[in-house]
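Dear colleague,

I am handing over the structure below, and I would be grateful if you could look through it alongside the notes that follow.

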Amino acid sequence: MFDFDATLPLMAVQFLLLTLLLNAVFYKPLTKALDERDQYIRQNEADARERLTKAEQLIKEYNRQISEARRESQAIVERAQAEARNIVAQKIAEAQQEAQAEREEAAREIQQQKEAALATLEQEVDVLSRQILDKLLGPELVKS
């Protein structure tokens, strides 16, 4: 079948030379390109993880700031509502005091007018009763 003459070693040498040549010209640059690509992909993946970690930290920080701002705004709203309630209560108390003072002043005026009216009526009653006595008994019998 095969002749083991000088062609076999020549073919073996050609095969080895072709293997070395292909290795030097084709496989080494190809493996170098594949290694560079692998390194590039790993570097990008590491950068992406780092950016993702930073983004998650920023999200946490923003959420913390938002919740803090909400708490502060809620506290401000509660303080404003409390102040408004205090102002309303104060104004209501002042209005009630003014109304009470006006009621008391009106009651005093009514009492004074009542007393003045009674005094006037007493004088008129005295005058009328003298006139009636004068008419009934005559002026000589009625002496003051």
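A residue is called buried under 20% relative accessible area, exposed over 50%, and partly exposed in between, with a 1.4 Å probe and protein chains only. At 41% relative accessibility, Tyr27 therefore counts as partly exposed, and Phe26, at 46%, is partly exposed as well.

Please keep in mind that this is a predicted model, in which local features need pLDDT of at least 70 and side-chain atom pairs count only at pLDDT 80 or more, while totals for chains, interfaces and linings use all residues. Residues are numbered from 1 along each chain as its sequence is written, and side-chain values use heavy atoms, with hydrogens and water left out.

A search of the whole structure finds one aromatic pair (rings of Phe, Tyr and Trp, the last by its six-membered ring, with centres within 6.5 Å; planes under 30 degrees apart are stacked, over 60 edge-to-face, the rest tilted). The ring centres of Phe26 and Tyr27 are 5.3 Å apart and their planes stand at 65°, so this pair is edge-to-face.

Tyr27 is found in helix α1, which covers residues 7-137 (helices are DSSP runs of H or I with at least four residues, numbered from the N terminus). Arg130 also lies in helix α1 and, at 44% relative accessibility, counts as partly exposed. Between Arg130 and Asp38 there are 92 residues in sequence and 135 Å in space, taken from C-alpha to C-alpha.

Note on methods. Helix = DSSP H or I, 4+ residues; strand = E, 2+ residues; numbered from the N terminus.
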